[in-house]
Amino acid sequence: MGTKLDKLITEALELSIEDRARLAARLLLSLDEPSESEVERLWLEEAERRINEFREGRVLGIPADEVFRRAIDDIS
């Protein structure tokens, strides 16, 4: 008995050349998209990098009221 992948490949090869090209492009693009867990891991690394820079004094914090003022100015 064939696997699900084997069946999918067989069906994909029955598509028109245009549809196969679209499918191939879509599959290739999906390889470049990180998984949800990968995105979460990358954000965690970024947050840790930023907090370490702050703690080491390499960057200065901005008071919340200043951040909100700038945000309001930017959207006004």
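Modeller: The protein chain carries 12 positive and 19 negative side chains, and the centres of these two sets are 0 Å apart. This is a predicted model. One of the residues to look at is Glu53, which sits in helix H3, residues 36-55. Its side chain makes a polar contact with the side chain of Arg49, at 2.9 Å. Glu53 counts as buried because its relative accessible area, 18%, falls under the 20% cut-off. Apart from residues up to four places away in sequence, Glu53 touches Arg58 and Val59.

Phe54 also lies in helix H3. With a relative accessible area of 46%, Phe54 is partly exposed, since that class covers values between 20% and 50%. Once neighbours within four places in sequence are left aside, Phe54 is in contact with Val59, Leu60 and Gly61.

As for the setting, the protein chain has 4 helices and 0 strands, in the order α-α-α-α from the N terminus. Of its 76 residues, 3% count as buried, and Glu53 is buried. The radius of gyration of the protein chain is 24 Å, whereas a compact globule of 76 residues would have one near 11 Å. Along the principal axes, the C-alpha atoms fill a box of roughly 60 × 35 × 20 Å. The protein chain exposes about 7400 Å², 60% of which is supplied by carbon and sulfur atoms.

Conventions. Residues numbered from 1 in each chain as written. Predicted model: local features only at pLDDT ≥ 70, side-chain atom pairs only at ≥ 80, totals over all residues. Heavy atoms only, no water. Helix = DSSP H or I, 4+ residues; strand = E, 2+ residues; numbered from the N terminus. Buried < 20%, exposed > 50% of the residue type's maximum accessible area, 1.4 Å probe, protein only. Polar contact = N/O pair within 3.5 Å; in protein donor to acceptor, adjacent residues only side chain to side chain. Contact = heavy atoms within 4.5 Å. Rg over C-alpha atoms; globule rule 2.2 N^0.38 Å. Areas by Shrake-Rupley, 256 points an atom, 1.4 Å probe, with all protein chains shown as cover. Lys, Arg positive; Asp, Glu negative; His and termini not counted. Charge placed at Lys NZ, Arg CZ, Asp CG, Glu CD.
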